Amino acid sequence: MSKLRIGVFGAGRGKTMMSVLAKHPDATLVAVCDKHTSLLEEVRAMAERHGLDVALYEDFDAFFQHDMDAVVLANYANEHAPYAISFLRSGRHVLSEVLPCETMAQAVELIEAVEESGKVYAYAENYCYMQQTFEMWRRYENGDVGEVQYAEGEYIHDCSSRWPHLTWNDPNHWRNRMFSTFYCTHSLGPILAMTRRRPVQVVGFETPPHPGMVALGCQSGIAGGAVEMVTLDNGAVVKSIHGTLKREPSSVNFQLYGLTGMMETARFDRTKLTVYKEGENFCEGQLDEYAPSPFIASDLMHKIGVKGHSGSDFFATHFFIEKILGRPDGEKYSIDVYSAVDMGICGILAYRSVLNGNAPVRVPNLRNKEERDAYRNDHACTNPAVAKEQLLPLTPHTMPEIPPEMAAKAARVPRD
Ligand SMILES: NC(=O)c1ccc[n+]([C@@H]2O[C@H](COP(=O)([O-])OP(=O)(O)OC[C@H]3O[C@@H](n4cnc5c(N)ncnc54)[C@H](O)[C@@H]3O)[C@@H](O)[C@H]2O)c1
């Protein structure tokens, strides 16, 4: 069998997927596109190290014409859907980095592009495959804690020391302008993936923006924290929290309460998981704390050697390949377009809740064709180029004055 020929769009985060493709037995990297030539030079060096023939493109249209079976979208987080739709319609499979879409209209169009093309769309929400979350998924599926009643997902990452680098000093970079609840799938995604439950309602909250982030150029609610309180289709409640709140190291934490037990990741030790299973009598059971390891493809993961983000960075690309090849692990664990959209639209709709005094907002089931028309022309977001007359404010908060000590801290951050 010849290897799948896969291209990567975006050579920052995209290098993670390139590293998996460079050594994967069933796929190979054939083309990369990025307008930053410094990144393309890094890819050229990597390709030489691996003895790969990789075409490098600064121009997207030329990259799009390259002969490839599939593409990884690691371009701007708010621009994945339009590119995914074009690639699907051209007959290519798509692995999309986070987030799946910027608007409700894009969510509908993306789903329909997948359905009409018959191609594989996979969502690279790697936080579903971290050692602890993937083990929670396995234990939940095994029935070890019973049906979910309540869960929490947390992704707190203060990126201020790298902000000018992450935004290329561009005031219009998505990281400077996205609405507060946009980047919600690292915290919410694993809970939806492991329970296979659907969100039916969301309430959103946004903290006041941090003046240090504002001093670094952040113009939206991403300068603070955001919360989505999500109701699932069985009545269970999930709290998802994310943003640039102060703490070190960054936090990736999950807990889930079921009818017969609970699971919780260790707050500061990224390797540990605690599981409580109730026994024959109420309030009596077994409590285990342990460091889980991958239960699927662990030999290949170690051989390929891509273990970033608590081991998760290998799996999104691996399951995408497995799904294209029709293999059971890919069918089971690759995140499809419906789950991706469920994860992403909770953030889009939570922002409407934020702007409406935290009023609950219904989350549609876009699997149902009859629910789609209401959102087909819904372009509301904080990006003027996409929203046009439906433009939303960057935050409901008044941007804070920047105290001199914060301005001085921001001035000390390297600008590359
Ligand atoms: N899953 C994770 O753990 C994780 C971690 C970091 C980033 N990400 C995601 O990866 C994606 C990329 O993030 P990033 O950190 O690399 O920063 P980024 O968003 O700045 O990088 C996007 C890259 O795509 C290139 N690009 C975009 N549009 C282009 C065009 N039309 N033509 C040529 N090049 C173009 C840019 O030059 C840039 O290098 C984002 O979606 C982000 O959310 C995910």
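1. Let me begin with a helix pair: T16, M17, V20 and L21 in α1 meet D313, F314, T317 and H318 in α12. Contact here requires C-beta atoms, placed from the backbone, within 7 Å. The residues of this contact divide into 4 nonpolar, 3 polar and 1 charged. Nonpolar covers Ala, Val, Leu, Ile, Met, Phe, Trp, Tyr, Cys and Pro; charged covers Asp, Glu, Lys and Arg; the others, Gly among them, are polar.

2. Some housekeeping before going further. This is a predicted model, in which local features need pLDDT of at least 70 and side-chain atom pairs count only at pLDDT 80 or more, while totals for chains, interfaces and linings use all residues. Residues are numbered from 1 along each chain as its sequence is written. Helices (H or I, at least four residues) and strands (E, at least two) are DSSP runs, numbered from the N terminus.

3. Now the geometry of that pair. The axes of α1 (residues 14-23) and α12 (residues 313-324) come within 9 Å and cross at roughly 60°. Axes are lines fitted to C-alpha atoms, for helices over the stretch in contact, with angles from 0 to 180 degrees between N-to-C directions. That angle makes α1 oblique to α12. The classes are roughly parallel under 35 degrees, roughly antiparallel over 145, roughly perpendicular from 65 to 115, and oblique for the rest. The crossing of α1 and α12 is right-handed, meaning that the near helix is turned clockwise from the far one by less than a right angle, with anticlockwise giving left-handed.

4. For α9 (residues 185-195) and α14 (residues 337-355), the axes come within 9 Å and cross at roughly 140°. These two helices are therefore oblique to each other, and their crossing is right-handed. On the α9 side the contact uses T185, L188, G189, L192 and A193, and on the α14 side S339, D342, M343, G344 and C346. By class, that contact has 5 nonpolar, 4 polar and 1 charged residues.

5. How are α4 and α5 oriented to each other? Helix α4 (residues 80-89) packs against α5 at an angle of about 15°, with their axes 9 Å apart, and the two are therefore roughly parallel. Their crossing is left-handed. A81, A84, I85, L88 and R89 of α4 meet Q106, E109, L110, A113, V114 and S117 of α5. This contact divides into 7 nonpolar, 2 polar and 2 charged residues.

6. Around the ligand there are 18 residues, and the closest are G10, G12, R13, K35 and A77. A residue counts as near if its C-beta atom, placed from the backbone, lies within 6 Å. The shell divides into 8 nonpolar, 6 polar and 4 charged residues.

7. A few backbone spots deserve a look. V98 and L99 are joined by a cis peptide bond with omega about 5°; L99 lies in the loop between β5 (93-96) and α5 (104-117). Another cis peptide bond joins E248 and P249, with omega about -10°, and P249 sits in the loop between β10 (237-243) and β11 (251-258). S310, in the loop between α11 (298-304) and α12, has a positive phi near 50° in a residue other than glycine.

8. Finally, α2 (residues 37-50) has 14 residues and reaches 20 Å from its first C-alpha to its last, close to the expected 20 Å at 1.5 Å a residue. The expected span is 1.5 Å times one less than the number of residues. G51 follows α2 and has a positive phi, near 65°.

Definitions and conventions:
Two residues are in contact if their C-beta atoms, placed from the backbone, lie within 7 Å.
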